Amino acid sequence: MDAASVVVCTSYDIIVGRGLLPDIPSDLLTYVPAPMYAVVTDETVDSLYGARITEAFREALHPTDSKMIKFAIPPGEESKTRETKEQIEDWMLGNGCDRSTCIVAVGGGVVGDLAGFVAATFMRGIRFVHVPTTMLAMVDSSIGGKTGVDTPAGKNLVGAFHRPQRVYTDLSFLHTLPEREFCNGMAEVIKAGAIYNAELFEFLERNHSKVRGLDPEAITYVVRTSIAVKVAVVLQDEKEKGLRAILNFGHSIGHGMEALLAPSWLHGECVAVGMVAEAEVSRAAGKLAPDTLNRLISCLQAYMLPISLPRDCDAHAVVRRMAADKKNQGGVKRMVYLRHIGNAGTGAEDVEDHMLLRILSPGLTVVPHGRVHGSLMVPGSKSLSNRVLLMAALGRGKCRISNLLHSEDTKVMISSLQTLGISVSHDRETHTLVVEGCDGKPSAVDKKQLFLSNAGTATRFLTTACVLPSGGSTIISGDARMHERPIRDLVDALCDNGCDITYLDEEGCPPLRIAGTGLRGGDITLAASVSSQYVSSILISAPYAQSPVRVRLQGDIVSQPYIDMTVSLMRQFGVEVARPAPNVLEIPNTGYTNPQDFTIEGDASSASYPLAMAAITNGSVTVHGVGKNSLQGDARFCDVLEKMGCSVTQTADSTRVELPHGTRLRAVDVDMGNITDTFMTAAVLMATTPVGSVSRITNIANQRVKECNRIHAMATELGRLGVKCVELDDGLEIHGAGRDLPHVLHDGCVDIHCYNDHRIAMSFGVLGCLWKNIHITDKACTAKTYPTFWDDVVRLLGNEMAVAPGVHARMRVRGSFHHGIKEASSLVLIGMRGAGKTTLGRAAAAYLGYDFIDLDDLFEEKHGPIPAFIEERGWDEFRQQEQAALEEALEQHAYNTVVSCGGGVVETPACRELLAGSRLPIAWIDRHIDDIVAYLEADTTRPGYTSPVVAVYQQRRPHYEALSTHWFPIARGNSDIAHTTACFSRFCGVVVAKHVAPLRDDSCFLSLTFGDLSTIKDLSSLVADVDMVELRVDLLDQPTDAAFIAGQIALLRASTAKPILFTVRSAKQGGKLALDEDGYFNLLSLGARLGCDALDVETCWDSSHIESVCAPLRGTTIVMSQHFGRPCTHVDEVLTLVQGSNLPFVDVIKIVFTATEVSDCFLLQQARERVHAEKVVTKPMILLLMGEQGRLSRVTNTMLTPVTHANMPGTAAPGQLTWEQVLRLRRTLGLLRPRSFFIVGSPVALSPSPLMHRTGFRLAGLPWTYERLDTTSMVDVRSVFASEGFMGASVTMPFKQSVLPLLAWMDEHARRIGAVNTVVRGGAGNTQLLGFNTDWVGIVKPLQSAMPAETRERTGNVLVLGAGGTARAACYALHYLGFTSVYVVNRTPERAEALCRDFGVRAIDSAEALDDVVLIISTLPPTAAATVPATLLQSKPVVFDVTYIPRMTPLLEQAHAAGCRIFGGIDMLIAQGIEQQRLFTRRHVDDAVIDTTVRQGYRKMLEADPHVIDDNPSEELTFLV
Ligand SMILES: NC(=O)c1ccc[n+]([C@@H]2O[C@H](COP(=O)([O-])OP(=O)(O)OC[C@H]3O[C@@H](n4cnc5c(N)ncnc54)[C@H](O)[C@@H]3O)[C@@H](O)[C@H]2O)c1
Ligand SMILES: [Zn+2]
């Protein structure tokens, strides 16, 4: 083994090298000789390397001496089970393996752990060697000797320590490893560096592109060093007592996450987030050096690893999962505290839950603690930090900078400077940053991108600096918000001076391409009325212009102090700026001389928050590092405090603020033009001045173009708390609300949106010191300027930080169970008694996979029947007990439960407060009052209302309305319970975001254009063939009346189960309704509240307002739409629009132009292709052209094409086509792609499904194929599902349950039945497998025709024979049909018990004793030849046997003879197949033709030799065209 380097690891060697594979067998013969090598690998590795492995062994082994056998398991964690272990063992035993055999594990951690465990127990332990093929396996799992398998109870719970003989770490394997898997392993490498080896960590920081590019030298170093770290740590602590625990860094929290997020999140990804969170815990405990966290974060990001919990992952759930960690001692959670890079102490330490929650939750609530007293240092000023960094970078010589702010902004600046070729390094000893100046010569390399995220100062400052290089060009870009921030004035000024800067997107905003032209110098004229940063930008780079610069400022100069700050800093770097007139600045071109050391003063804006905390709580706070001599304008914030009544004492470098006991803050009128950054701090103070007083902040107009429109944002967020604010053009008027707790905060937390603006978060943190229940939704945004803000609030100011329970309750959880969230918030139901809370709630719970609790039931369990209780103890006592029950339920069932409340809970203020404070979604079931009255009058089991029902309703209604977050109206007279149940279940799915159906390609929605749906007769047939229905709210007769709109939604739900798209098309987007901002958002929120499946959101409205409505929605599909009354001008225009709409909460992007020529369609199509090819976005798009000339675009659009219907009075948009027209055109134009479908299972040779589906395809004119795949191997199924063109399959035995792990989503029926019979591809780009079950329809449809609804609802017993998968579908169908007495007979009682549990049926040993039987369903296989006791047939039940060969089973013969109505398997097959055909094609399906064709074929098959059945539909079938 030459070229290989060996890491010695006590008893065995780890050989690290490249290209080792061919030599492994001969090396084995020398070091681990064996007569038999049993290679264990997985299918992926086998397909890549299997042949080479075989070849290598063939060459090395003498056939007579040694043998090699090979076994491949399916890839992935699902294979790491006892079952797979058994399979491997059986295979080995079957191949004559014995004690002398050596197992060779070739694969990742799964193969290694599994094969190692087999080796540990096979014949009491045999030898094994490991050939790791993933990064994770190389650096982690192959070292240390741990082996094992997963069990349903948890990962790695069963296993053994068993060391390999040898490990061959062949780095060449990494070349085929997917990048995500590579980075997954890198998390462990970064961990190794962070806890033990600072040099490794620094290497990773500096060389991330080399490492990710698998540069041979870099990767060798990285793998070897990581192995060495693990070996060293393990060797020092083999028994896992102390030091070895440090390997667990990031894993305590990481494992908690993994329990919730696997398999969609990989181990390393969870560990990455875990490391960040655990490091934050150490920082909060004061143990972590401040800059360390930033380094850790940057390093993880450089390897594409996540750094925060996904928003949909609940912190409480993670913490609860952590408790299950076996490494915890005595229930206390333990964690590794990182000290600094390379040092994680010597073991784990205790950590409290509330600390973990605080760190992990995205939001927090400050708990007021009386007066705030304390003193602290605040982090360095952001403005100074970035200026100093850039000056030092441009200057001559080395500069050591201390008290630099470690924040997003400076991080972005530092990495940009590094990209520009400037050396910036950390000095760990002194916590300083060392910058080596380039003396005015940054390097621009073509195509270099500076990605500046949303860092404003860095972007502005660097824009001028990037002109300095000679030659080349630099691109400056940022996130979406950055691309909205103006920069035109600066660019204009520079271009006038001979620079070459181009806008790459929107005129006037980044991204920019900046050519390295140098700065000419001389006169530069600049508008100074928007941002002083433009002025500073030019000033900072001016010393390197070719000739001295004279800057002339035009307009009113904003933020003068910032300009002064720049000027005085430049002086400290040796450049004296002259100012002959207030608007003229003269800069010599002498360049900077760097001071050796520079200490940055504390940030004055940051200081404003602790100072304001003193003011707002009548306390006292001293801030060091900011005082009289401060360069920062914002240091004058204390003048405002003084004006408001505080006493302020300043020294040269400290500021103390006190509001003496007994005094109150008073309202003031202030011009904050010079201290703009602190206006928000002032605003929250002003909100607490006495009622009746009014404060005014003026001259801050530029705050509208900061991180967000801060003036609007403050007005909105203070407004949420009931503080009246009036927006002024250049400021804000704030009406004092007094110090007492505002009313809205009495009832529980109010969410404050932070708009990703640190200052909003911190300002409301100040207010939180006085008022409880202010929930700041995004605590992390303070990282921008004050990363340790919350730590300081807790540590130094003695405040307590609380995380409100279930804070996630209203946060968005996208996707479905595949998304991996196994725990989600509960859902509370309120509404009148008799509204259906119990019936609907129970069904919804089953649909969501939730528990169901009924508070009335809980009550009765404790106190006996309610009527008796009330009679005995009175209503008051009842309400009190009810409240206690509610409190308990909300506390104990905050997750995964549907909680149905008694109708009267809303009558007690205490209960209302509990509900509001619970932060859970609350759905109001609003059945029409007339229907409730009718229902209650018929029911005598419950106590009567003390007042008439209608009056009670009127009294409660406002409470229902106010308390509910969602509203489910039921149309008057709607009594179809099964249908309403299905609609309600889906509604709940949208509310809690479980199981939201992925969109499918080739889909459409019908735009309804009616003014009032109650006038429409046959709504259900109009929507029969579409995927979604759009309610155009603006076209309704009463488009702004919430009750009317809710009524329309109820009507729509009553007539169809299709998803609803709620669209308010405003006049400015071509709709019918002229709306102002409030009007629009009221309607939009109504759509969300009504739980509509999809919501159309017009891009043209205020983006922060849109975000505040949409971001909290969970299952609602957001369609972001834009309409233009003109054609698109250029492909790039579309690309930019698409990108601009691609916000995190957006699911579908819709862009509509208006065509004037047909060629406009071609341009749009080109744009679509570009978006796909370049993966500009991967979300579904709707790209359309209105107008007659644009029709073609409706044919080429593939996802959610809006359509009309021939029976509708008008179209919603000019040029709209019917779905039928669209399909016909697609066919005619050859736009239908070939697709293949299969039936998978065994036996399938005699299945009529091919005939049925081919007939369907032919009828619809589709060029699609449908083939049989007779197999029992999952490998075959997987490979067919993954094959090119595969679109769907009928799934039969034995796969109905075993395909479930492959699915990304299942429909509600399949989920309840626990099996699928239909798989189709869907999701954006058809990348997901979706599962459905139509078997139950096959039973429901024939029975519906045979048994009218009345007979079903009456008593009468049903008998089900068998308890397998089909029996489950049958029980589900029976439940759906409303049968209540269902009995199951089965030979294996356990299976029948499962049915009882899941469907409320009863298991019996024998049917003998059953009388009054109305229906018998046999699901037994034909081989069982079942019959029933003759007595059962006396009541002439309907008899259904699901067997289709033979046609007449013994049971059917028997029933037929007894004169019963009978159904056979073919009836079921056809009915379920037609439903399946709908799922395959999503086109109109002609039931009758399919029925006839299949029956003919079936008859022919039975008559003829059953083995030569004819699958092909006869040629006579006419095309739809
Ligand atoms: N024993 C230990 O001390 C220890 C330590 C850490 C992790 N683990 C275990 O390791 C497992 C995870 O290991 P993993 O991340 O290697 O997962 P893995 O074994 O599932 O491999 C990940 C994926 O990459 C594929 N793959 C492997 N090598 C490839 C190659 N060269 N080219 C292309 N594809 C390749 C695999 O088929 C698989 O799909 C977990 O079960 C975990 O519990 C064990
Ligand atoms: Zn790990």
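## The shell around ligand 1

In this predicted model, helix 2 gives the largest share of the shell around ligand 1, contributing four residues. The shell residues divide into nine nonpolar, nine polar and nine charged, and of the 27 residues around the ligand, those that come nearest are Asp42, Gly109, Thr133, Thr134 and Thr176.

Several polar contacts can be named individually. A polar side-chain atom of Asp42 is placed 2.7 Å from an oxygen atom of ligand 1, and a polar side-chain atom of Lys80 lies 2.8 Å from an oxygen atom of the ligand, whereas Phe173 takes part through a backbone N or O atom, which lies 3.0 Å from a nitrogen atom of ligand 1. Taken on its own, ligand 1 has 870 Å² of accessible area, of which the protein covers 89%. The elements that give two or more residues to this shell are helix 2 (43-60), helix 4 (109-121), helix 5 (135-141), strand 8 (154-161) and helix 6 (179-196).

A pair of aromatic rings is described by the distance of the centres and the angle of the planes. Across the whole structure, a search finds 33 aromatic pairs. One of them joins Phe968 and Phe984 in an edge-to-face arrangement, with 4.9 Å from centre to centre and 75 degrees between the planes. Because Phe968 belongs to strand 40 (residues 966-970) and Phe984 to helix 33 (residues 977-992), the pair ties together parts that are 16 residues apart in sequence. Phe968 and Phe984 are both buried.

## Charges over rings

## Asp1147 in its loop

Where in the chain is Asp1147 found? Asp1147 is part of the loop between helix 38 (1131-1141) and strand 46 (1148-1154). With a relative accessible area of 17%, Asp1147 falls under the 20% cut-off and therefore counts as buried. A polar atom of the Asp1147 side chain lies 2.7 Å from the backbone nitrogen of Ile1118.

Notes. Residues are numbered from 1 along each chain as its sequence is written. Chains are lettered from A and ligands numbered from 1 in the order in which they are written. This is a predicted model: local features need pLDDT of at least 70, side-chain atom pairs count only at pLDDT 80 or more; totals for chains, interfaces and linings use all residues. Side-chain values use heavy atoms; hydrogens and water are left out. A residue is near a molecule or strand if one of its heavy atoms lies within 4 Å of it. A polar contact is a pair of N or O atoms within 3.5 Å; within protein, one must be able to donate a hydrogen and the other to accept it, and residues adjacent in sequence count only if both atoms are side-chain atoms. Accessible areas come from the Shrake-Rupley method with a 1.4 Å probe; for residues, only the protein chains shown count as cover. Ala, Val, Leu, Ile, Met, Phe, Trp, Tyr, Cys and Pro count as nonpolar, Asp, Glu, Lys and Arg as charged, and the others, Gly among them, as polar. Rings of Phe, Tyr and Trp (its six-membered ring) pair if their centres lie within 6.5 Å; planes under 30 degrees apart count as stacked, over 60 as edge-to-face and the rest as tilted. Buried means under 20% relative accessible area, exposed over 50%, partly exposed in between (1.4 Å probe, protein chains only).
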